[in-house]
Amino acid sequence: MKIRKVLVTAANPRQRTLPLQTLIDQRGEPKTALQIILEEASGAGVEEFGVVICPGDEAAYAGACGNLRSQVRFIVQETARGYGHAVLCGRPFVGDESFLHLVGDHLHVSHAPATCARQLLEVATTEDSPVSAVQPTRESQLTSFGAVGGRLVGGARPLYQVEAVLEKPTPTAAEQQLIVPGLRAGFYLCFFGMHVLGPEIFSLLEEHQRAAPDGPLGLSPALHTLAARRRYLAFTVAGRRFDIGAPYGLLFAQLALSLAGRDRDRVLTQLVELLALRHE
Amino acid sequence: MKTRQRPSPAPARTTGSPPIAARLLDLIESDDPTIRDRAIDRWCEGRSLTELLAATGELDAFRRRETNLYRRVRALFFIAAIHRYHLPARPDLTRTGRVPYAGFRHLLERRFEEAIAEFLQAQRSDGASDTLSSALAAAHHALAFQTLADQVRQTVRSTHGNAWMFRLGHPLDQPLRVRRELLGPIENGPGAPRPLLRERTPVRMDLTHCGWSDIFFLGMDYPEGARVLNVSIDLGVHGRDPAPRPPVEAFFRVLDEPVIRLASVDLEASACLTTIDEVFDFGRDYLGLLKAAVIAAGLVPPGIERSGASLAELLATIFGPGRGFELVSSVNRIPKGSRLAVSTNLLGALIAVCMRATSQTGALAGPLTEPERRIVAARAILGEWLGGSGGGWQDSGGLWPGIKLIEGAAATPGDPEFGTSRGRLLPRHTLLGRDRIGPDARARLHESLVLVHGGMAQNVGPILEMVTEKYLLRTEPEWSARARAGATLDDILHKLAQGDVAGLGGALTANFFGPLQTIIPWVSNRYTEEIIGRVQAAFGPDFWGFWMLGGMSGGGMGFIFAPHRRTEGQQQLQAIMLAAKRELQDALPFAMDPVVYDFAINEAGSVAALLEGPAALLPPGYYQHTVPVLLRREARELSGRERTDLQQFTRAARVEEAFGTALPALLDRMLPSDEATERASRHLGDLLAENGFDRSQHEQIRSDLRAGRIGLAMNRLPPSTRIEDVDSRDLFAAAPDQPGAGVHRAAGATALERGEVGVISYAAGVGSRWTQGAGVVKGLHPFAKLAGRHRSFIDVHLAKSRQTARLFGSPVPHVFTTSYLTHGPIERHLRLSQPDAWERSVWLSPGRSIGLRLVPTLRDLHFAWEETAEQKLDEQKEKLRDSVRAALADWARASGEAADYTDNTPGQCLHPVGHWFEIPNLLKNGTLARLLAARPQLRTLLVHNIDTLGVTLDPSLVGWFQSSGATLGWEVIPRRLEDRGGGLARVDGRLRIVEGLALPRDEDEFALTYYSTNSCWVDIDGLLGLFGLGRPELADANRTAAAVRRMAARVPTYVTLKEVKKRWGHGQEDVYPVSQFEKLWGDMTALAECPQAFAVVSRARGQQLKDQAQLDGWARDGSAAYINSLCDW
């Protein structure tokens, strides 16, 4: 399996400026969030970049792509009909091959020498299977993410065979359907905003769209169907994701990037000074 | 020296066929059900004392090493049964012993293992005894139930879908979010009503009565035997409601204030909670069920209790800053005790509406999906545990639609129960659609069935414990009855599917009179059987059957008629029940007048709707309760929500009849009438005047109470008092093998033949403990079936006197002492049932003393709660009790300490003043004079409590007492653990009966070997002499009154706390502690000039029935059969 393309969804009408925010990356260079996301993919060997955007956002996004601008193709989602629909809009770009999928409001910091995307791609290639990156997440944050249930495949890597996928489950539903042996109590495998998917996902999305043509189309129900039909894996990446759309999300993402990069000491010093300040 | 008594009446076979299973543990461990389901009783038959003691040791070792919960519990029940029933039946078991006080304290504190260790240590050092066996039986029994209850609780907590709520400890961790639809469209503006989410839920009826197989313990151990046919129904009160409807409703709306508002329309109660602690405070108001729902739905999850977190912060996470919610319940005035699981289904509805509101279900409105119903049911179990109540696993059946088969489900790998119990906590529901039970069959059931509430309020808890114990012991008649009850289900299902409602009625009746009463005889009562008999007489073959709903009869019941007479049946049943209630209301506890229901099968289950705009209306009863408060305030002070509520109600009152008709009642509420209060207070005044109430003595008691001169703490003898146990040589042992027994028996027989002996039965009491303060005449309570009929205590005592009269050829004069509460009902009963004997051999001695109860002092309340040893409850119940107590202390403070207690029916405000007065009353009211005029040969009286059923005019005891030369002769029995309240002691060297409340220290009682039965022999002339009177002076009322007053002054006055019930609403009851005073006859033993004698008698003769929970053991250990053998029916 060779992954050449990445599909980034950034068409959430309520968060259309998020990927345009500027942060300082691990090397200490100012970059937009979008650029950091595209470079994550690029670093993993991806050659073609597709970004799904809202109508009218192309110019702004083009300016936020940095050096990769020439390799990026923008795909406009004409009407906001859900996350799954945004992915489905990428079908002409992706064509009939497996692809890396990233979301435009998540940044990733690796805890290993390889980037998060590279770790995932290696697994997908080795296992020759669709695989979603996941991160054990406390149940109090369940309502922000898609989550998977399954069982450990075994072997050296934290790899799971997915049996169920629920979008933003309640803890009740998670406890009933998403218990994963080996995880700490109250933790679930939630999506990392990073997947390697085969082209069959588009057929599944279409199936779900046909079943409920008027409702918003999610990705999780299609992934749930995927799990029922073929081997679909989840992989705990050595790294962390940061949802820059959450309250203080951008701040935490910036801190994580800085503390994992060249300016670690400088930022840490500033933080300590801030902590030492006493406000009467 | 240890005293050996005559054997207990339970049979102990010493010869016969060899034991059925050589290895005791096979009964628990065997894979072969024919061995595993054998009864421990069979195994014990023919075993010697040594073998039985060895068996308890073997079982004890087994239960300590065994990991399987149910095997452990069975071993515990086996040990308890051997100690309770089999060892006491062995004649060579030592009768007397001592219960170590440390072990008793452990028992009270629910440290059962430690208690058992203490008792076993005592058994090793002092030898086995009846006394220690009673303690070991109680401790093992309690440990078995604690183990089972802990397991159910643990399973409830660990059930998938519930566990997360126990981990959540901080508001920021709260993952639930409100559904946006409940915030309402922004464009509606601030004055628009918030959308209202309404859940409507039917109640459930159990069509088969499942032999209580829906008790969690049973379903989890024996899932294949746990099967019920459960029907969701709409309900209406016949003649009151226009049509049946889902009776249970729950409403949810978002508020613009950071609080939780709770309101119960039926209880007319509401509360505004501002802290998390208040949410977990179940006892402070009537809203415990709503609080349990808020917790079990995860809105205020159980894990956050006592975290110190802010409720506003928690609510902000779910609803947004500054917001909260309101939860309102309504059960359409369906009375409590309907046996239709109203409260569990209400809890389910409340949980469901809360879960829907916080995105925990797929759909906001409409029916629930099967997985959602299951999680709501699991949460309802959790809620019941939190609220300290408990139902069966089928009770939340109203969440499901129509008719369904509910069955226990085997635990499989992955279930939290797997490896612990054979079955899962939650059963499996199979909906029986119209293909299984056709529309025609459903219609036929509806055309024939009449549902009623008989009006009785009873506690089903003890019955559920009995069922569990019998199931685990596999006692033979009950076990085969259970198998029959199980088979009935298939028969009923078949008949229902065929539309054979007549056959169904027959099967249900057979189930009630057959298996159910075999398993638990106490499910029936005289009232129920009276109604069945009268309906049978009125309808003949058109009465097709009787059906007991829920745990016991007398409350919710079903009657099945031929369809053409069903309407007539509804009308007649109302009259029949009312007439029977009127006849029996002095004898049985009724909470309300009987009602007849209309019902319809509900085919939808629990359904929600989002009510918006003008339709966002709460039930009319809600506004009746809240609007008067709003109207009393200035308009400018009203919040936006309150203003909107007023507008909504006003609009609805103009256009909707139900709201329009609520207006007059609402106005009445604003101007409450004093008429009823005045009437009640006049009635109480009349009663006091009629019954010789002594106002000056009352004021003295009040002032002494307030000043602390008398009170619970002052009841006790000074700490310096020397309390010692009594040697058996000081007592006469009433046993046939004792020296001189023949002589006494012959002399006693002669006295009986001459008519020298009479009986006095105390019948002034209203069974405070027997019916938990329900205020019925205990003597008239038809407590058990003897010789085929329900018999009352009075019936039994008269039947014994008849037997004595027949045996000795001389009538026995029998007097019942009465009080203002019991005189009228007992007189009516005796005139009707004993027309020939009335005032010939049966007399009444009316009470001449009365007290008015007082609001307790805080000092006494705290003393009772903190200083006296009391049973600790499990964690949740303990919390509930603490919170109830805080509320009661507030009540006492607000009502005024030692103020007159008048806020109840007059009968509940008065109190009898102790049994000391009973005998002097015989002197004062002329009864003794009349008795002696009719029977001048009368020399001796036997005086006893109404609940001492085994006491008789035994010629040996008559002979002993008459020859003793004593004025008073007292009967005591070797103590068992349950015999609390003093005993026979040597007090500063003198032998006397000491009340428990007078002993200087709680532990003193445990050093006393003998317990007082309160049965007392009286030498008439000796007693008169003691009072300074002779037979002729009895005619002089003034002289006798003065003599009684003089003697009364020498006897101590005790202050006691009693619990009284206050009934209100639709079958609701509250229990209040009240202060009263009493003087006790046992204190006559303190009089130095009075010659006394003491005899130790058998338990069968001396035991008293104080609590209805004793009845089952009483029947099983042979006591009932023994009592029956004493009677001439």
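This is a predicted model: local features need pLDDT of at least 70, side-chain atom pairs count only at pLDDT 80 or more; totals for chains, interfaces and linings use all residues.
In what order do the strands of the open sheet of three strands in chain B lie? The order is S16-S27-S28, and the pairing is antiparallel.

The predictor assigns the complex an ipTM of 0.75 and a pTM of 0.81. For chain B the mean pLDDT is 88, with 95% of the residues at 70 or more. Residues 1–20 of chain B remain under 50 in pLDDT; for this stretch the model has 48 contacts beyond four places in sequence.

Chain B is divided by the domain assignment into domain 1 (26–158), domain 2 (167–184 + 193–601), domain 3 (623–670) and domain 4 (685–858 + 861–1126). Taken over C-alpha atoms, the centres of domain 1 of chain B and domain 3 of chain B are separated by 61 Å.

S16(B) runs antiparallel to strand S27 (residues 982–987) of chain B, and two bridges join them. Within this pairing, Ile723(B) has Val987(B) in S27(B) as its bridge partner.

Chain B also contains an open sheet of seven strands, ordered S6-S5-S7-S4-S1-S15-S8, in which the pairing is mixed. Strand S6 (269–273) and strand S8 (366–367) of chain B are the edge strands, each of them pairing on one side only. Helix H14 (residues 342–357) of chain B packs on this sheet, where the helix touches S1, S4, strand S7 (324–330) and strand S15 (607–611) of chain B. The direction of H14 makes about 30 degrees with that of S4(B).

Strand S1 (residues 196–201) of chain B pairs with strand S4 (residues 248–255) of chain B in the antiparallel sense, over five bridges; Glu199(B) has Ala250(B) in S4(B) as its bridge partner. The pairing of S1(B) with S15(B) is antiparallel and comprises five bridges, and here Leu196(B) has Leu611(B) in S15(B) as its bridge partner. S15(B) is also paired with S8(B), in the antiparallel sense and over two bridges. At this end of the sheet order, Pro367(B) is placed opposite Val607(B) in S15(B).

A helix pair of chain B was examined next. Two packed helices are described by the angle between their axes and the distance between the axes. For helix H28 (residues 741–753) of chain B and helix H36 (residues 955–964) of chain B, the axes come within 6 Å and cross at roughly 90 degrees. H28(B) and H36(B) are therefore roughly perpendicular to each other. The contact involves residues of H28(B) including Ala741(B), Val743(B), His744(B), Arg745(B) and Leu752(B), which meet residues of H36(B) including Pro955(B), Leu957(B), Val958(B), Trp960(B) and Gln962(B). By class, the residues of this contact of H28(B) with H36(B) comprise 11 nonpolar, six polar and one charged.

Between the chains, the contact draws 12 residues from chain A and 13 residues from chain B. On the side of chain A that touches chain B, four residues are nonpolar, six are polar and two are charged.

Note on methods: Residues are numbered from 1 along each chain as its sequence is written. Chains are lettered from A and ligands numbered from 1 in the order in which they are written. Domain bounds come from an automatic or database domain assignment. Two strands pair if DSSP finds at least two bridges between them. Helices (H or I, at least four residues) and strands (E, at least two) are DSSP runs, numbered from the N terminus. Two residues are in contact if their C-beta atoms, placed from the backbone, lie within 7 Å. Axes are lines fitted to C-alpha atoms, for helices over the stretch in contact, and angles run from 0 to 180 degrees between N-to-C directions. Ala, Val, Leu, Ile, Met, Phe, Trp, Tyr, Cys and Pro count as nonpolar, Asp, Glu, Lys and Arg as charged, and the others, Gly among them, as polar. Angles under 35 degrees count as roughly parallel, over 145 as roughly antiparallel, 65 to 115 as roughly perpendicular and the rest as oblique. pLDDT is the predictor's confidence in each residue, from 0 to 100.
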